[in-house]
Amino acid sequence: QERIVESGGGSVQPGGSLRLSCATAGFFFSSFVMGWYRAAPGKQRTLVARITTTGSTRYEDSVKGRFTISRDDEKRRLYLQMNNLKPEDTAVYYCIPMDNVGLPVGSWGQGTQVTVSS
């Protein structure tokens with residue numbers, strides 16, 4: 001059974017950093033493109049970053065140069081290093097495997113809350 005647990009969120013001031021982690025089980029992690037999504041208050045979930053099985057990455061424009069997605073296939077973990085955080089980064093962050101056309105598959109985890117405010 002697929003299981004996803006996100007962690008590492010918290011409250012930081014603008015300009016601060018956080019590293020999110022996603023522990024997974026129940027699916028063949030190394031075979032999937034993996035993505036980080038976020039849901040800001042009152043808004044739909046949107047894709048922030050994704051990483052392919054070969055390590056190629058792609059980012060949403062507003063986080064380019066500030067966020068870095070990475071994966072550890074041996075540990076079945078996905079990471080998101082977030083630097084120079086801005087108030088508009090405030091959201092619940094989720095990780096999810098993605099299919100061949102870039103859509104999320106399976107069940108969402110509980111997410112991890114990131115709050116950026118002074």
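**A loop glycine to start**

Trainee: Why does Gly55 count as partly exposed?
Mentor: Because Gly55 has a relative accessibility of 39%. Buried means under 20% relative accessible area, exposed over 50%, and partly exposed in between (1.4 Å probe, protein chains only).

Trainee: Before we go on, what kind of model is this?
Mentor: A predicted one: local features need pLDDT of at least 70, side-chain atom pairs count only at pLDDT 80 or more, and totals for chains, interfaces and linings use all residues. Numbering runs from 1 along each chain as its sequence is written, and side-chain values use heavy atoms, with hydrogens and water left out.

Trainee: Back to Gly55. Where is it?
Mentor: Gly55 sits in the loop between β5 and β6 (57-59). Strands are DSSP runs (E, at least two residues), numbered from the N terminus.

Trainee: How far is Gly55 from Ile69?
Mentor: Their C-alpha atoms are 9.3 Å apart in space. Along the sequence, 14 residues separate them.

**The core**

Trainee: New topic. Which residues touch the most other members of the largest nonpolar core?
Mentor: Trp36, Phe67, Ile69, Leu78, Leu80, Met82 and Tyr93 do, in a core of 28 residues. Such a core is a set of buried Ala, Val, Leu, Ile, Met, Phe, Trp, Tyr and Cys residues joined through side-chain atoms within 4.5 Å.

Trainee: Which elements give two or more residues to this core?
Mentor: β3 (18-25), β4 (33-39), β5 (46-51), β7 (67-72), β8 (77-82), β9 (91-98) and β10 (112-116). The largest share comes from β9, with five residues.

Trainee: How do the strands pair up? Start with β1 and β3.
Mentor: β1 and β3 are antiparallel and share five bridges. Two strands pair if DSSP finds at least two bridges between them. Glu6 stands opposite Cys22 in β3.

Trainee: Which β1 residues are on the covered face?
Mentor: Ile4 and Glu6. Arg3, Val5 and Ser7 make up the uncovered face of β1 (residues 3-7).

Trainee: What sense do β3 and β8 pair in, parallel or antiparallel?
Mentor: Antiparallel, over six bridges. Ala23 stands opposite Arg77 in β8.

Trainee: Which way does β2 run against β10, parallel or antiparallel?
Mentor: Parallel, with three bridges joining β2 (residues 10-12) to β10. Val12 is opposite Val116 there. β10 also pairs with β9, in the antiparallel sense, over three bridges. Val114 in β10 is the bridge partner of Ala91.

Trainee: What are the two faces of β10?
Mentor: Thr112, Val114 and Val116 form the covered face. Gln113 and Thr115 form the uncovered one.

Trainee: What is the phi of Arg76?
Mentor: Near 60 degrees, a positive value in a residue other than glycine. Arg76 is in the loop between β7 and β8. Arg76 counts as partly exposed because its relative accessibility is 23%.

Trainee: And the phi of Asn84?
Mentor: Positive too, at about 50 degrees, and Asn84 is not a glycine. Asn84 lies in the loop between β8 and β9. At 41% relative accessibility, Asn84 counts as partly exposed.

**The pocket**

Trainee: Last one. What volume does the largest pocket have?
Mentor: About 170 Å³. On a 1 Å grid over the protein atoms alone, a pocket is an open set of points where a 1.4 Å probe fits, with protein on both sides within 12 Å along at least five of seven lines; lining residues have an atom within 4 Å of a point. A volume is the space filled by probe spheres set on the points, which are joined across faces, edges and corners.

Trainee: Which lining residues lie nearest the centre of the largest pocket?
Mentor: Val33, Arg50, Thr52, Asp99 and Asn100, out of 14 lining residues.

Definitions and conventions:
Helix = DSSP H or I, 4+ residues; strand = E, 2+ residues; numbered from the N terminus.
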